[in-house]
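Student: I have a new model open and would like to learn how to read it. Could we begin with its pockets?
Tutor: Gladly; let us look at it together.

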Amino acid sequence: MLGALDQSWAITAVGKAMAKLPLEPHLARAVIESRAEGCTKEIVDIVSILSASSKVFFDPPTEDRETAQEARAKFFHPSGDHLTLLNVFRAFDEISAHAVDAVAADSTKKDLNTNGVKSSSSSSGFSKSGRKDWCRRMFVNERALNEAIRIRDQIKRSCQQSGMDPNLSCGEKYEPILKSLFRGLVHHNAMRQADDSYKNTALLAIKIHPSSVLCDKRPQSFMYEELVKPPTTMNMT
């Protein structure tokens, strides 16, 4: 259903394009689709976060859960977790850019005061400090976001080598992003049943994970990245 193989099991042009991307097949398919939808920049951001080895939203200590929920609420997107993660990544990029700009301005001032002798201040140290403090206050995983940045750089290079523009953006529109994600997550979706439960395409009964933005929304359908199997039930994240 991803379109990577034809009816004779031969690899298609789409499949060859997917193989050039350092991603899981379903995420690579979303990136390929983003070209037609005009949202490659946004999809690359999302799949980079999804490809990180740890979660952006970690489980905070019990005493901090209410504070964490309030801090993270500013990132929540009504469409679900994928766009919520994109909001986090955008904010992290903005914080990083501001930190570097502030240090650059400070370094320029010091350079002028020392008659052209370069300052010994380190922009990377300042920016790392600023990002770390922001992540702490927002209760998000800095390690996961930094890893996502490295993954994103790699994906962008692969896109450019394949003739795709990794900076192609849909701006503030989110429908193209959801369409691209759905093309890759076609096997990862669930529909609400008559009894108000959810079943995925394999007719497996699942529940929305308590940490999901959609947990209290009861949508008619949703896409998910993975299934988590606790002792007695199956949850999506």
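Tutor: The largest pocket has a volume of about 1,100 Å³. This is a predicted model, in which local features need pLDDT of at least 70 and side-chain atom pairs count only at pLDDT 80 or more, while totals for chains, interfaces and linings use all residues. Residues are numbered from 1 along each chain as its sequence is written, and side-chain values use heavy atoms, with hydrogens and water left out.

Student: What counts as a pocket, and how is a volume defined?
Tutor: On a 1 Å grid over the protein atoms alone, a pocket is an open set of points where a 1.4 Å probe fits, with protein on both sides within 12 Å along at least five of seven lines; lining residues have an atom within 4 Å of a point. Points are joined across faces, edges and corners, and the volume is the space filled by probe spheres set on them.

Student: Which residues lie nearest the centre of the largest pocket?
Tutor: F57, D81, S211, S212 and V213, out of 43 lining residues. By class, the lining has 22 nonpolar, 12 polar and nine charged residues. Here Ala, Val, Leu, Ile, Met, Phe, Trp, Tyr, Cys and Pro count as nonpolar, Asp, Glu, Lys and Arg as charged, and the others, Gly among them, as polar.

Student: Which element supplies the largest share of that lining?
Tutor: Helices (H or I, at least four residues) and strands (E, at least two) are DSSP runs, numbered from the N terminus. The largest share, five residues, comes from α5. The chain has eight helices and six strands.

Student: How do I read a nonpolar core?
Tutor: It is a set of buried Ala, Val, Leu, Ile, Met, Phe, Trp, Tyr and Cys residues joined through side-chain atoms within 4.5 Å. Buried means under 20% relative accessible area, exposed over 50%, partly exposed in between (1.4 Å probe, protein chains only). The largest core has 26 residues, of which L23, V31, I43 and I177 touch the most other members. Its largest share, five residues, comes from α2.

Student: What is I177 in contact with, beyond its neighbours within four places in sequence?
Tutor: With contact meaning heavy atoms within 4.5 Å, I177 meets C39, E42, I43, I46, L83, L86 and C170.

Student: Is C135 buried or exposed?
Tutor: C135 is buried because its relative accessible area is 3%, whereas C215, at 24%, is partly exposed.
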